Amino acid sequence: MTEQLTEQLTGPLAGPLRIGVVGLGVISKFYLAAFDTVPGARLTAVCDLREEALRPYEGTGVATVRDHRALLRRDDVDAIVVNVPNDVHGEVVRDALKAGRSVCVEKPLTIDLDEGRELVRLAAERRLTLLTAFHRRYNDNVLALRRRLPAGVPIESVTVRYNERIEEHVGRDGWYLDPARCGGGCVADNGPNAFDVVRLFLGDVSVEESDLVRDEQGLDRKATVRLRSAAGVPAEVELDWSYPDGELKDVEVRLADGTVGRADMLGGHTEFKGSLWHEYVGILDEFVRLVRAGEPGSRGGLAALELVHAAYDAEHDAERRMAAGTV
């Protein structure tokens, strides 16, 4: 971070963090609405390739640009939110970090593991915040479950279910169904949120086994991924992109004393995607806090990306064992 930008963020006259949003796709409305609730953040610019997406902001005092590099050259942008398709996360994040801007990037951090590690190293070298947005860790019901768990009682197991019909969620963002752009299917897209919820309760985990169900195009639409914490606690993540009955997204935590705690991530939010409004307020508030404190915020994004790749690798390992007749 340059001395000039550091002074802007921490000096005595520092005001709200001035943020540009890159990408105005289906999730962007939740980020944009959060600016009305987070006093430490101010929207100063938006960027999208589509003129029609930018048009509502013309004449509002928010700058509109079609190239993220042009946005990064502006002196009224301290940090950016990246909400572009998964396959271009890496390019935009890298350009922002090289320009001295902290980044909040929609999950996944990127779709390439080596690139993800490079971005984390770059953020550390530049002493910039790189936050991957896992909105379920800010969910009111998940947080209430964490508060309810009795202190000192070991967790025996964690189960996360993350089921939906993907076609109902993507809107015009059809790239979700292109594995080359999404990074895969349900494991690549919903997996990071589900894995992060497991990590919220157990800390670092590793993949032990994964069972994937692919469609005729080879897209993984269902998966069961079994994980284990460093302390040996098992966890299971159930993912489904073809769920027939709306949505089912919850977490169950079993304790050693027999207690079972459950949080319905959608509970109390009757509007379609209604839970996302408060979750993205949590993301934006956390991003501002991390940037102000000079904290990196980057471990979770890379950890989830490593688990995604490990889940796909575990499927391939099982296939190779079956072909070799060793299972």
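Is Glu315 buried or exposed? In this predicted model, Glu315 is buried, because its relative accessible area of 7% falls under the 20% limit used for that class. The residue belongs to helix α12, which spans residues 299–323, and, once its neighbours within four places in sequence are set aside, Glu315 is in contact with Ser210, Leu212 and Arg214.

**The sheet**

Strand β8 covers residues 205–214 and pairs with strand β9, residues 220–229, in the antiparallel sense. Both strands belong to an open sheet of six, ordered β8-β9-β10-β7-β11-β12, in which the pairing is mixed. The edges of the sheet are β8 and β12 (260–264), each of which pairs on one side only, and neighbouring strands are turned against each other by 10° on average, with direction ignored.

| Strands | Sense | Bridges | Residue pair |
|---|---|---|---|
| β8 (205–214) and β9 (220–229) | antiparallel | nine | Val207 and Leu227 |
| β9 and β10 (234–240) | antiparallel | seven | Lys222 and Asp240 |
| β7 (155–163) and β10 | parallel | six | Val158 and Ala235 |

In the hairpin of β8 and β9, where five residues lie between the strands, Gly218 takes a positive phi near 85°, while in the hairpin of β9 and β10, where four residues lie between the strands, the positive phi of Gly232 is near 90°.

**Helices across the sheet**

Helix α10, residues 191–202, lies across β7, β8, β9, β10 and β11, and runs at about 160° to β7. Helix α7, residues 140–148, lies across β11 (248–255) and β12, and its direction makes an angle of about 165° with β12.

In soluble globular proteins, nonpolar side chains tend to be buried together. In the present model the largest nonpolar core has 76 residues, and those with the most contacts inside it are Val158, Phe201 and Val251. Helix α11 (residues 276–293) provides the largest share of this core, with eight residues.

**Aromatic pairs**

How many aromatic pairs does a search of the whole structure find? The search finds four such pairs. One of them joins Trp175 and Tyr176, whose ring centres are 4.0 Å apart and whose planes meet at 20°, so the pair is stacked; the angle is under the 30 degrees that the stacked class requires. Both Trp175 and Tyr176 are buried. Elsewhere, ring pairs link Phe30, Tyr31, Trp277 and Tyr280 into a cluster.

Conventions:
Residues numbered from 1 in each chain as written. Predicted model: local features only at pLDDT ≥ 70, side-chain atom pairs only at ≥ 80, totals over all residues. Heavy atoms only, no water. Helix = DSSP H or I, 4+ residues; strand = E, 2+ residues; numbered from the N terminus. Buried < 20%, exposed > 50% of the residue type's maximum accessible area, 1.4 Å probe, protein only. Contact = heavy atoms within 4.5 Å. Pairing = 2+ DSSP bridges. Axes fitted to C-alpha atoms, helices over the stretch in contact; angles between N-to-C directions. Phe/Tyr/Trp six-rings, centres within 6.5 Å; stacked < 30°, edge-to-face > 60°. Core = buried A, V, L, I, M, F, W, Y, C linked by side-chain atoms within 4.5 Å.
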